[in-house]
Amino acid sequence: MKLVLFTLALSLALPVAAESIGDQHPIFDGANRPENINKTGDSSNEVEVLHWWTSGGEALSVNALKEMMEEKGHKWKDFAVAGRAGESAINTLRIRALSGNPPDVAQIKGPEIQEWGTLGFLTNIDDVAEEQRWSELVPARVSDYLKVDGHYVAAPFNIHRVNWLWANPEVFAKAGAKLPQTLDDFFVAAEKIKAAGFIPLALGSEAWQETTLFESIALAVMGTDDFRKAFTEHNSDLLTGEKMRETLLTLRRMKLYTDADSPGRNWSDTTSLVIEGKAAMQMMGDWAKGEFLAAKKVFGKDYVCIPAPGTANQFSFNIDSFVFFKNSDPQKTASQKELAKLILDPGFQREFNRSKGSIPVRVDIDMTSFDPCAQDAMQAFLRAATTDNLVASLSHNMAIGRASQVALFDVISRYYNNDEVDIDETMRHIRAAVLADKL
Ligand code: GAL
């Protein structure tokens, strides 16, 4: 079943590679079976790390880990694949794994960890977790994602909040607009900002960015319970009901406040529009803060963070993690485990998360040296945990696996980019997309 799921995801994401595998076997042909992978030829204290942290803020953050690894005497071979919030990196990973040559370490998160782990690709890192007492330091909501059959296979970095709005207060002041608390407020502000000659909403029209916006609107319109029932319990009435219709209509209405250069623009260039005062707002997870910080912008004066309109009580979470591919060289395994350990190191947790925009995944990190957005995020996380308003992110691979994710991106993007696409048909396709993982 998992093999079928993985193959389906593969065929959706990688039509060419999937065709070339042939009909004999869904994935493996012998040499590429996880148990036969016996990487040789590279130096054993070197770890090749596949990730997608390539924007200004992201690169600064991951470099801290690279430096720490090198200080410990290990070599870091960087394999960064930019683009589409990891979709390009994951496609590359599939090609490498299928050819029997996976990297040593890869950025994978959410249910996809299970997909790779169940196929036998990942190293058990229970010993690292035990030594660092992860079970006491990492919230259970997080550690559930990190285990396969009860064993740790992934090391978590952080908790990102997806439902944020980033705003340029000077642009708001020039337009005489108020920061929006609700969706209605959003449209009032957007009209004023547009009339004043600024771009109201910075959005890069890529499927994952459109779906990130869709997610924040859906949280506000549907509320936590119905959002969960729809996207995690796959309640058919909700997936095709009136609240879904309103979500989709709101998404199309927001498009009217984006700029003509939006198609294909990446997320960090999109954040730059807010940084440079060309646009007023961007709805994006708090990795966007990493770009304001890398550009040396000052909280309160140059930028502010508020919850995405209508979602103040909710926290859509997105957890970044690294997994470690099996190999037969004990020295390399030791380097991989050293890396896993460094990720949870308290000093690294502080440094990484302060520049990445997320909050630490360890509950014992003192937040006083963090900026107001991070402190707000921590408060919002704790509040959402006690009021049952923590929601696994739909657009960032936490609520659904790869097959559903790819299908959902496609449906939302098709709807967003073509006003002729029918809303009822789109709702039926959303329902089919979230069920794709189950096939
Ligand atoms: C997300 C990832 C974040 C951030 C973002 C944009 O999927 O979790 O850490 O990097 O992509 O690249």
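## The four-stranded open sheet

In this predicted model, four strands form an open sheet in the order E14-E7-E12-E15. The pairing in this sheet is mixed. Strand E14 (359-360) and strand E15 (390-392) are the edge strands. Each of these two pairs on one side only.

Strand E12 covers residues 315-318. E12 and E15 are parallel and share three bridges. Phe315 faces Leu390 of E15 across this pairing. Helix H17 (residues 346-356) lies across strand E7 (158-161) and E14. The angle between H17 and E7 is about 15 degrees.

Strand E1 spans residues 46-51. Is strand E1 enclosed or open to the outside? Six of its six residues are buried, so the strand is largely enclosed by the rest of the structure. Its side chains point two ways. Glu46, Glu48 and Leu50 point one way, while Val47, Val49 and His51 point the other way. Residues on both sides are buried, the charged Glu46 and Glu48 positions included.

Strands of a sheet pair through backbone hydrogen bonds, in parallel or antiparallel fashion. E1 pairs with strand E2 (residues 75-80) in the parallel sense, over six bridges. Leu50 has Phe79 as its bridge partner in E2. Between the two strands, the chain passes through helix H3 (residues 56-71). This β-α-β crossover is right-handed. E1 also runs parallel to strand E3 (residues 105-107), joined to E3 by two bridges. There, Leu50 stands opposite Ala106.

## The protein as a whole

How many helices and strands does the protein have? There are 20 helices and 15 strands. The radius of gyration is 21 Å, close to the 22 Å that the globule rule gives for 439 residues, so the protein is as compact as a globular protein of that length. The C-alpha trace spans about 65 × 50 × 40 Å along its principal axes.

Of the 439 residues, 60% are buried. The protein exposes about 16,800 Å². Carbon and sulfur atoms supply 50% of that area. Take the contacts between residues at least 6 apart: 77% of them join residues at least 24 apart.

Leu293 sits in helix H15 (residues 288-294). Is Leu293 buried or partly exposed? Its relative accessibility is 28%, so Leu293 counts as partly exposed; the cut-off for buried is under 20%. Apart from neighbours within four places in sequence, Leu293 is in contact with Tyr303, Arg354, Ser355 and Asp371. Phe352 is 59 residues from Leu293 in sequence. In space, the C-alpha atoms of Leu293 and Phe352 are 13 Å apart.

Asp226 belongs to helix H11 (residues 207-231). With a relative accessible area of 15%, Asp226 is buried. Which residues does Asp226 touch, not counting residues up to four places away in sequence? Asp226 touches Leu238 and Lys243.

Notes:
Residues are numbered from 1 along each chain as its sequence is written. This is a predicted model: local features need pLDDT of at least 70, side-chain atom pairs count only at pLDDT 80 or more; totals for chains, interfaces and linings use all residues. Side-chain values use heavy atoms; hydrogens and water are left out. Buried means under 20% relative accessible area, exposed over 50%, partly exposed in between (1.4 Å probe, protein chains only). Contact means heavy atoms within 4.5 Å. Two strands pair if DSSP finds at least two bridges between them. A crossover is right-handed if, with the strands pointing away from the viewer, the path from the first strand over the helix to the second runs clockwise. The radius of gyration is taken over C-alpha atoms; the globule rule is 2.2 Å times the number of residues to the power 0.38. Accessible areas come from the Shrake-Rupley method with a 1.4 Å probe; for residues, only the protein chains shown count as cover. Axes are lines fitted to C-alpha atoms, for helices over the stretch in contact, and angles run from 0 to 180 degrees between N-to-C directions.
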